[in-house]
Amino acid sequence: MSSPQLVCLSNATVCSGTDCLVPPSNFNDILSLVLSIVLTTMLAMVMFAMGCTVDAKKLWGHIKRPWGIFIGFLCQFGIMPFTAFALSLAFNVLPVQAIVIIIMGCCPGGSSSNIICFWLDGDMDLSISMTACSSILALGMMPLCLLIYTSLWTSADTIQIPYDSIGITLVSILIPVALGMYLKHKKPLLAKKVLKVGSIVGFALIIIIAVVGGVLYQSSWTIAPSLWIIGTIYPFIGFGLGFGLARFVGQPWYRCRTIALETGFQNAQLCSTIVQLSFSPAELEVMFAFPLIYSIFQLVVALMSVGAYQGYKKMCHRGSCEADSECPSVEAGNAEPAKEKCCAVDNASFQYDENGNTEEKGKSRNTQL
């Protein structure tokens, strides 16, 4: 039989005779920090590749005539917060759970939507501009939406919005994209190669982030069934309503897909940061897993959409622009403006060319769905 311990261990925090208190391991915190730095760096590299698809004239056209951005604004800060509020009431969740659902609904779009937009042959210029604009507008719209929708359960003053995180997100999007645009302008052939590699890496990165998040926070998976249900259906509702509203106002199919992605994809990491800053450990136990659940199921919706769309293209044995007559090619060169002219919008008063000039309503167009 071994003799009893007479002295404390060298790494004991508190020592009183033979009573020792060993400090808890901070391995998960260190691992989380390292992974955050690595994934942020990789994401910046992917956004650099996505910038190789952006055309400066078309990007400026969206800014001068921001009809698509305005629709995205209505979806992002109108539809999503209200949907979160309605789901919280419908499922009669706990007050702290209702708050985290609404926080998720009030967050701006994430950069993952830009990667998925590429694989769905969406409007990359619109996608980048919508992500950047939603991050900027979130500085004012998030406090306003939280004040409106969380007042039933708590005071808006208790929720701390990390403006520095929003700023970092904005910088991590704009600078790499600007560098990608510069590379496309100077060396278009190299930009195409970077784009091919970056699009694949970006798609894999989204999956890696979801898997890593599930492993790091596996202790938070035991939550109320109502949060599982809301986290499952909420992304589907966001994508569906965004697509429906865009099509209702006459946007072409490829822009409908873009607006749907920008609506449904939320910045789950920002939501997690807000929750950790604003609530006690006891409250976090019943609410912290929701951002992770939402991010996983928004990824599921995206993967299903990409699989269905790419399968449709292969089935038709045609390229992206042939499979979708309204989709602009990212590698078409001089043929791109001609294909853009074939892109029809049902409400012609909102269509503009790549220079931002509004086309006269009533001109004949070749409408193909």
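Let's start with Ala178, which sits in helix α7, residues 163-186. When I say helix or strand, I mean DSSP runs numbered from the N terminus: H or I over at least four residues for helices, E over at least two for strands. Before going further, this is a predicted model, where local features need pLDDT of at least 70, side-chain atom pairs count only at pLDDT 80 or more, and totals for chains, interfaces and linings use all residues. Residues are numbered from 1 along each chain as its sequence is written, and side-chain values use heavy atoms, with hydrogens and water left out.

The cut-offs are under 20% for buried and over 50% for exposed, with partly exposed in between, using a 1.4 Å probe and protein chains only. Met50 is 128 residues away from Ala178 in sequence, yet the two C-alpha atoms are 9.9 Å apart in space.

Now, what does α7 pack against? Helix α6, residues 124-149, packs with α7 at an angle of about 165°, and the axes are 10 Å apart. Axes here are lines fitted to C-alpha atoms, for helices over the stretch in contact, and angles run from 0 to 180 degrees between N-to-C directions. That angle makes α6 roughly antiparallel to α7, a label used over 145 degrees. The crossing of the pair is left-handed, meaning that the near helix is turned anticlockwise from the far one by less than a right angle. Among the residues making the contact are Ile128, Leu139 and Pro143 of α6, and Tyr163, Ile173 and Val177 of α7. Contact means heavy atoms within 4.5 Å.

Zooming out, the protein has 15 helices and two strands. Of its 369 residues, 47% count as buried. Among contacts with a separation of 6 or more, 76% come from residues 24 or more positions apart.

From the record, an unreviewed UniProt entry annotates "transmembrane region" over several spans, including 132-153, 165-183 and 223-246. UniProt annotations may be inferred rather than shown by experiment; positions follow the numbering used here, and feature names are shortened. In the model, residues 132-153 are 82% helix and 0% strand, with end C-alpha atoms 31 Å apart. For residues 223-246, it's 92% helix, 0% strand and 35 Å.

Finally, confidence: the average pLDDT, the predictor's confidence in each residue from 0 to 100, is 75, and 71% of the residues score at least 70. Over residues 325-369 the pLDDT is below 50, and this stretch has 78 contacts in the model beyond near neighbours in sequence.

Key
Parallel < 35°, antiparallel > 145°, perpendicular 65-115°, else oblique.
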